[in-house]
Amino acid sequence: MPLRLTIAIDGPAGSGKSTVARRVAAMLGYVYLDSGAMYRAVALKALERKVPLENEDQLEILARETHIELKPPAPEQEAAGMTNRVFLDGREVTREIRTDEVAQAASRLATIGSVRHVLVAEQQKAGAGGGIVMEGRDIGTVVFPNAELKIFLEASAVTRAQRRWMEHQEKGEKVTVAKVMEEVRERDKRDRERKVSPLVRAKDAVLVDNTAMGIEETARLIVLLAREREKTSA
Ligand code: CDP
Ligand code: CDP
């Protein structure tokens with residue numbers, strides 16, 4: 001019986017983490033977890049309650065009092081591209097958390113160490129048994145520093161913005177590529193430059209640039225690496 005690995009996938013916005021991680025998990029029969037959805041869910045709650053994003057104490061309390069559940073989508077939802085279904089205090093917010101406003105609020109909230117502490121503990125609990133593909137910004141560096149396989153997923157800034165723009169198009173949202181590029185750039189800068197758990201490649205993470213690679217190709221490459229690690233870690 002091969003060992004069930006912990007696979008950490010980190011990288012900037014639009015690099016393909018959610019799509020690729022979900023595919024890898026499906027191929028290996030592992031659980032997939034989108035840690036960014038947790039930051040987004042707390043951010044949505046803060047926006048709804050009009051908690052100022054500078055108020056660290058109040059945001060920590062909010063994070064502690066929040067119950068987030070990530071569930072796998074139904075097969076037809078999965079076929080339509082849905083990753084995790086997200087429940088905030090029992091209410092489904094899968095779509096609500098996918099706006100640019102929530103993304104920006106999430107990245108501001110993610111600079112607060114005490115908020116991260118609460119969410120990281122949840123993520124560690126969720127992945128404790130292995131057999132998991134978790135993606136985010138600090139999975140290989142902070143959440144699972146001992147993960148058997150770490151991937152740092154990259155793609156050029158233009159490609160990442162174009163991918164995000166395509167998603168807006170598909171949802172019928174009118175926005176220019178330049179505007180999307182600005183949103184992604186601002187968030188990446190904040191994520192890379194923050195003091196607590198910045199987005200950085202772990203020393204032992206494999207750098208995969210999928211600018212010129214499709215989802216399937218990228219997922220297969222990671223599965224190949226995972227199969228090797230399953231053998232050597234057993
Ligand atoms: O989670 P992250 O922000 O890193 O990216 P994503 O949401 O998984 O991917 C952003 C978009 O790029 C999705 O619509 C993917 O289908 C697409 N994508 C792609 O076209 N080619 C890839 N190699 C990876 C992702
Ligand atoms: O899908 P996309 O890459 O656009 O973003 P996401 O993964 O949903 O994450 C939203 C925001 O949450 C990011 O911009 C980060 O600021 C934060 N985040 C984090 O700090 N650490 C994580 N492990 C995951 C997300």
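Modeller: Strand 7, which covers residues 149-154, is mostly covered: six of its six residues are buried. The model examined here is a predicted one. In a regular strand the side chains alternate between the two faces of the sheet. In strand 7, Leu149, Ile151 and Leu153 lie on one side, while Lys150, Phe152 and Glu154 lie on the other. Both of these faces are covered, and the residues named on each side are all buried.

The pairing partners of the strand come next. Strands of a sheet pair through backbone hydrogen bonds, either parallel or antiparallel. Strand 7 pairs with strand 1 (residues 6-10) in the parallel sense, over four bridges. Within this pairing, Leu149 of strand 7 is the bridge partner of Ile7. Strand 7 is also joined by four bridges to strand 8 (residues 206-209), and these two strands run parallel. Here Ile151 stands opposite Val206 of strand 8, and Glu154 stands opposite Asp209 of strand 8.

These pairings belong to an open sheet of five strands, arranged in the order 2-6-1-7-8 with parallel pairing. Its edges are strand 2 (31-34) and strand 8, each of which pairs on one side only. On average, and with direction ignored, neighbouring strands of this sheet are turned by 20° against each other. Helix 10, formed by residues 215-233, packs on the sheet and touches strand 1, strand 7 and strand 8. The direction of helix 10 makes about 160° with that of strand 7.

Strand 4 and strand 5 form a hairpin with two residues between them, and Asp89 in the turn has a positive phi of about 45°.

The surroundings of ligand 2 complete the description. This ligand is surrounded by 19 residues, of which the closest are Arg40, Arg116, Arg164, Arg187 and Asp191. A polar side-chain atom of Arg40 lies 2.5 Å from an oxygen atom of ligand 2. For Lys17, an N or O atom of the side chain is 3.1 Å from an oxygen atom of the ligand. Asp138 places a polar side-chain atom 2.8 Å from a nitrogen atom of ligand 2. Taken alone, ligand 2 exposes 530 Å², and the protein buries 99% of that. Two or more residues of the shell around ligand 2 come from each of helix 2 (35-48), helix 5 (100-109) and helix 9 (177-193). Helix 2 gives the most to this shell, with four residues.

Key. Residues are numbered from 1 along each chain as its sequence is written. Chains are lettered from A and ligands numbered from 1 in the order in which they are written. This is a predicted model: local features need pLDDT of at least 70, side-chain atom pairs count only at pLDDT 80 or more; totals for chains, interfaces and linings use all residues. Side-chain values use heavy atoms; hydrogens and water are left out. Buried means under 20% relative accessible area, exposed over 50%, partly exposed in between (1.4 Å probe, protein chains only). Two strands pair if DSSP finds at least two bridges between them. Axes are lines fitted to C-alpha atoms, for helices over the stretch in contact, and angles run from 0 to 180 degrees between N-to-C directions. Contact means heavy atoms within 4.5 Å. A residue is near a molecule or strand if one of its heavy atoms lies within 4 Å of it. A polar contact is a pair of N or O atoms within 3.5 Å; within protein, one must be able to donate a hydrogen and the other to accept it, and residues adjacent in sequence count only if both atoms are side-chain atoms. Accessible areas come from the Shrake-Rupley method with a 1.4 Å probe; for residues, only the protein chains shown count as cover.
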